[in-house]
Amino acid sequence: MFVLLGALTVMNMLIGVLCQVVSVVAATEREANTVVEVKTGLKNILDRIDTDKNGRISKDEFLQILEETEAVMALQHVGVDPVGLLDFADFIFQSGEDEEPLELGFTDFMEVVLQLRGTNVATVKDIVDLRKVMSDSQTQVS
């Protein structure tokens, strides 16, 4: 009797673990599909806006992308605040004083954009990067 009850308990626990794994995999796949859809949509918009046809995104092209309703909706769908992204435009495209304005490749651009999603959690790397930026800006002021 106790052996049967123990076997049923273990079986129910295994079913629970299996259900949890399936739901996590499904959520991960949904997220990956959403990101691919957004990348495809933004790439199509970039192809229309890219006047110099170099495949890289300048700050001006970035601002034109954010004027497109389709791009704003795609960014919101993936969890990026377009208004907040607009506020970060200077930071995203900052370059050295004597350098030409920074242009990003599409892959690098999407990496930066996806890092600015509201659902992302801060990691140790983010804190270290923040510390480095603060230190650099402090030495520039001094």
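I looked up which element contributes most to the lining of the largest pocket: helix 7, with 10 residues. Helices (H or I, at least four residues) and strands (E, at least two) are DSSP runs, numbered from the N terminus. The model is predicted, and I read local features at pLDDT of at least 70, side-chain atom pairs at pLDDT 80 or more, and totals for chains, interfaces and linings over all residues. Residues are numbered from 1 along each chain as its sequence is written, and side-chain values use heavy atoms, with hydrogens and water left out.

**Pocket**

I noted a volume of about 1,100 Å³ for the largest pocket. A pocket is an open set of points on a 1 Å grid over the protein atoms alone, where a 1.4 Å probe fits, with protein on both sides within 12 Å along at least five of seven lines; lining residues have an atom within 4 Å of a point. The volume is the space filled by probe spheres set on the points, which are joined across faces, edges and corners.

I counted 24 lining residues, of which Phe91, Gln115, Leu116, Asp126 and Asp129 are the closest to the centre. Helix 5 (89-92), helix 6 (106-115) and helix 7 (124-141) are the elements that give two or more residues to this lining. By class, I recorded 10 nonpolar, 6 polar and 8 charged residues. Here Ala, Val, Leu, Ile, Met, Phe, Trp, Tyr, Cys and Pro count as nonpolar, Asp, Glu, Lys and Arg as charged, and the others, Gly among them, as polar.

**Aromatic rings**

I found 2 aromatic pairs, taking rings of Phe, Tyr and Trp (its six-membered ring) with centres within 6.5 Å; planes under 30 degrees apart are stacked, over 60 edge-to-face, and the rest tilted.

Phe62 is in helix 2 (residues 59-65) and Phe93 in the loop between helix 5 and strand 2 (104-105), so the pair ties together parts 31 residues apart in sequence.

Phe62 also pairs with Phe109, edge-to-face, at 5.7 Å centre to centre and 70 degrees between the planes. This pair links helix 2 to helix 6, 47 residues apart. Phe62, Phe93 and Phe109 form one aromatic cluster.

I then checked burial (under 20% relative accessible area is buried, over 50% exposed, partly exposed in between; 1.4 Å probe, protein chains only). Phe62 is buried at 0%, Phe93 at 7% and Phe109 at 2%.
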